Amino acid sequence: MPPELLQIEAKKPGGNWKDPAVQFRKGVFCYSAAAKNVRALGLPNPRDWQPFDADWKLPPDWKQILLAGMKERLQKYRSFRLFMDICVRCGACADKCHFYVGSGDPKNMPVVRAELMRSVYRRYFTLAGRIFGSLAGGRELTEDIVKEWFYYFYQCTECRRCSVFCPYGIDTAEITMIGRELLNLIGCNTNWVLEPAANCFRTGNHLGIQPHGFKDSLEFAADELEEITGIRVDVPINRKGAEILFVMPSADYFAEPHYYTLLGYMMLFHEIGLDFSFSAFASEGGNFGLFSSHELMKRLNAKVYEEAKRLGVKWILGGECGHMWRVLHQYMDTMNGPADFLEKPVSPITGTKFENARSTRMVHICEFTADLIHSGKLRLDASRNDRWRVTYHDSCNPARSMGLLEEPRYIIRNACNRFFEMPENTIREQTFCCGSGAGLGTDENLEMRLRGGFPRANAVKYVQERHGVNLLACICAIDKATLPTLMEYWAPGVEVGGVHELLGNALVMRGEKPRTADLRGEPLSAEATHA
């Protein structure tokens, strides 16, 4: 790679930071939501427009709508008002954002990004701001500020890395979420967020796959597994009375490399004889409502509980997904729970009580599988993964938001012989974001994705150069969708895969035929074939 591509311009910008003018240059922003998707979700102001248009076709009373919306949220969310008031601009968060590191744009410092909203809050909702205006740090709300909010609040992946370093515990992601929610009130939203959400209401999943397509995809996976292992696995869908409902992100049964993770799930469930069911109604674990508004998040999340109730399962098991787990861990109980109609999760195989899930009644697949391995219920041949030299990316939401740090590593260490950690200040709670979460994974936004993902890729390149790492494992569908492009650009030669793909490769199933290929169809080594 030419070294000049690794140079990030970070000199002090000229002008006043209060100037809201932004340039919607190709490659650094997401396209607007199509009017049909805005209408499908019942959101305000559906119309044809694009961020680079001079006229955004805002409603005539857009200013009153935004200020009323801000007032309502200041009253409703105590954390929002607190975060508006307590920041002392110490700068501890300033260099912790991957978008600031990758772009050098000061307004991508979390403290400044939040200041874009705080300045308006100060002008209209504090006594000093109402009297002294700009002298008190306030800014008048103008159309240019609306465009500035759109530009920067859609250059935040809500990954929360900045919050780890804030001495006051300010969660800037919450401010971004409120910013996006306010923009939605006047019809300023992106298509890569609203189209998946609209699809989810129409067909049950973000990709718009209809129930018969969902069924065909799972049966195709069962056919492939039969070719690889000689074993026919069951594909139970919408089965009432099953003990467990399994929910996964739709990319797992549609896209690569996610699909290999699906194969791993199906092998595991067959091997342990799990009494479970997929659902064509809750055929999506991801929740794009998180990127739009609390109300949309709640509506999408409700599908999981409703289907668990309809099928009469005891509890819910969830697959490798990022935002699903943040919604579940931080919001589900208060949005749609508590799920008193379900039982406190207990593994039917090991008898382990998942005390951490006694409220939501939903267990992460990595917790479930790690417990199986720890209890000696699985036979694993790690040599089947010997072509991989693996490192692990802590996906922001499962790691930082719910503390799922050791379980994926425990699975990998039991399923692989060659595992290497990235530098300590880039993993676990301090993990760097993929740069494309929170609805930014669009192709029109590619330059900003690559800039935002640069810190993550740089850490991967470190272990690639020192240890020959050639696989980046993770447990998030968006990571699996966007990291391959990031690796291709910044660390060529590193592929991306799921933890349960590695588990499936290593799993020795009872009655299986001699295995000659892994889940990607690549030949196993001679040693692994004869193990």
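This is a predicted model: local features need pLDDT of at least 70, side-chain atom pairs count only at pLDDT 80 or more; totals for chains, interfaces and linings use all residues.
Residues are numbered from 1 along each chain as its sequence is written, and side-chain values use heavy atoms, with hydrogens and water left out.

I checked the pairing next: β3 (residues 315–318) runs parallel to β4, with three bridges between them. Strands (E, at least two residues) and helices (H or I, at least four) are DSSP runs numbered from the N terminus; two strands pair if DSSP finds at least two bridges between them.

I traced the open sheet of four strands as β2-β1-β3-β4, with parallel pairing. β2 (276–277) and β4 (362–364) each have a single partner strand, so one side of each lacks a neighbour in the sheet.

I then turned to helix α12 (residues 258–272). Its 15 residues should span 21 Å at 1.5 Å a residue, and the 22 Å between its end C-alpha atoms agrees; the expected span is 1.5 Å times one less than the number of residues. Of the 15 residues, 14 are buried, so α12 is largely enclosed by the rest of the structure. Buried means under 20% relative accessible area (1.4 Å probe, protein chains only). G273 follows α12 and has a positive phi, near 65°.

Last, I looked at β6 (residues 471–474) and β7 (residues 495–498), which run parallel and are joined by four bridges. I found A473 partnered with G497 in β7.

Key. Buried means under 20% relative accessible area, exposed over 50%, partly exposed in between (1.4 Å probe, protein chains only).
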